[in-house]
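Dear colleague,

I am handing over the structure below, followed by notes on what was found in it. Please read the notes with the coordinates open beside them.

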Amino acid sequence: MSGIYIHIPFCKQACHYCDFHFSTQMGKKEVMLLAIKKEIELRKDEFENHKVETIYFGGGTPSVLTTAEIEILVKTVQENYKVVENPEVTLEANPDDLTDDKIIELSNSPINRLSIGIQSFFDEDLKLMNRAHSSDEAVNSLSMATQYFDNISIDLIYGIPGMDNNRWKANIERALSFELPHISSYALTVEPKTALKKFIEKGIVDNVDDEQAQEQFNILVDVLEKNDFVNYEISNFGKQGCFSKNNTSYWQGKKYIGIGPSAHSFDGQNRSWNIRNNPKYIKALEGEVLPKETETLSKTDRYNEYVMTGLRTIWGVSLEKIELNYGQAYLDYLNKQAKKYLEKHLLFVDDGKLLATKKGKFLVDGIASDLFMINLES
């Protein structure tokens, strides 16, 4: 099974923390959608022997599209690929786009899963991040969406300057009040070339406090696990049967095609990425040229990716798979590097799989980098 990710590179306004590829210039939306449609058609041979299980609209802000525009893109996928009978079709959406009419329209479209960018239920946090919606719009969109969709995920951000643990707990409790089956939650990170980075440098906004972010992550894990959520990937919590099929396919190394400017693809051996420039992307597709670059992953690259993704999930890193797919030298290296983290109780081994402990979860990206910064092939 495989997935198709469609990047919609438009937003109403720029969030202060975001470094994703997007434009606030909506005038090119129509020609962009024609280019995206063309790319879907041109790449159908890549999945000639695969069935599409998930279609995911990400961005940017895909909810700026009309329901009719979304339906055209889904139809284009269905006409050019083998799609399973009931694919998971997700739309990332901002609360301010989810009017009552829009939610009803979407519920009658192929979209069967909403991923709503709430981020916080408090206006002071939303203003600091320059989100386009208010706390009232966040609540109203969820109140309506839960009447028409069973499969809903929301995003929440922790580690926001000025947000103490009590406000963070209130955010989680408000989310739980909607009886959602899935929550994704991320630490606020300060990316280069973002407005947030400049504000911190000028002293306008306090810097992110890593210790508080770790405290808030631990609070999140404790509260959600007590409410029957499974922390199946570091940033993702789902009720049983409601894990994101799209995201899970990434972490389990399945093949996927990324459509749209800046989108990435993976076929098991090669990773490719589209150009991060809207006019150049459109021009290339008008000439029926795919605006992408490709690299073939070495054995070491594939080992590194497997260690990184495996450690972030409940499926862990299979020691048997390391030996089988990469060889004894890689397994010996992994065991040697992991030893100190096992002794510190940041990692543990269960049923032949290397996993992060509760204490190690927040630190897992740093731990993983210490396990994979190698090149045994040179």
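In what follows, a residue is called buried under 20% relative accessible area, exposed over 50%, and partly exposed in between, with a 1.4 Å probe and protein chains only. Helices (H or I, at least four residues) and strands (E, at least two) are DSSP runs, numbered from the N terminus.

This is a predicted model, in which local features need pLDDT of at least 70 and side-chain atom pairs count only at pLDDT 80 or more, while totals for chains, interfaces and linings use all residues. Residues are numbered from 1 along each chain as its sequence is written, and side-chain values use heavy atoms, with hydrogens and water left out.

Salt bridges

With a salt bridge taken as a side-chain nitrogen of Lys or Arg within 4 Å of a carboxyl oxygen of Asp or Glu, the count comes to 17 salt bridges. One of them joins the side chains of Lys 292 and Glu 46 at 3.6 Å, N to O. This pair links distant parts of the chain, since Lys 292 belongs to strand 12 (residues 292–296) and Glu 46 to the loop between helix 1 and strand 2, 246 residues apart. Lys 292 counts as partly exposed at 28% relative accessibility, and Glu 46 is partly exposed with a relative accessible area of 35%.

Another salt bridge brings together the side chains of Arg 271 and Glu 305, at 2.4 Å from N to O. Here too the pair links distant parts of the chain, with Arg 271 in strand 11 and Glu 305 in helix 11 (residues 299–311), 34 residues apart. Arg 271 is buried, with a relative accessible area of 13%, whereas Glu 305 is partly exposed, with 30%. Salt bridges that share partners also join Lys 37, Lys 38, Glu 41 and Glu 288 into one network. Glu 41 is partly exposed at a relative accessible area of 24%, and Lys 38 counts as partly exposed at 24%.

Backbone geometry

Most residues other than glycine have a negative phi, and most peptide bonds are trans. Against that background, the peptide bond from Gly 59 to Gly 60 is cis, with omega near 25°, and Gly 60 is found in the loop between strand 2 (51–59) and helix 2 (67–80). Gln 119 has a positive phi of about 70° although it is not a glycine; its place is in strand 4 (residues 113–119), and Gln 119 is buried, with a relative accessible area of 6%. Ser 262, also not a glycine, has a positive phi of about 80°, lies in the loop between strand 9 (256–259) and strand 10 (264–266), and is buried at a relative accessible area of 13%.

Residues in loops

For polar contacts, the rule is a pair of N or O atoms within 3.5 Å; within protein, one must be able to donate a hydrogen and the other to accept it, and residues adjacent in sequence count only if both atoms are side-chain atoms. His 133, in the loop between helix 4 (123–129) and helix 5 (135–148), is buried with a relative accessible area of 5%, and its side chain reaches the backbone oxygen of Ile 118 at 3.0 Å. Asn 277 has its place in the loop between strand 11 (270–274) and helix 10 (278–286) and counts as partly exposed at 26% relative accessibility. The side chain of Asn 277 reaches the backbone nitrogen of Lys 280 at 2.9 Å.

Phe 10 lies in the loop between strand 1 (2–8) and helix 1 (29–42) and counts as buried at 1% relative accessibility. The C-alpha atoms of Phe 10 and Thr 61 are separated by 5.8 Å, although these residues are 51 apart along the chain.

With kind regards
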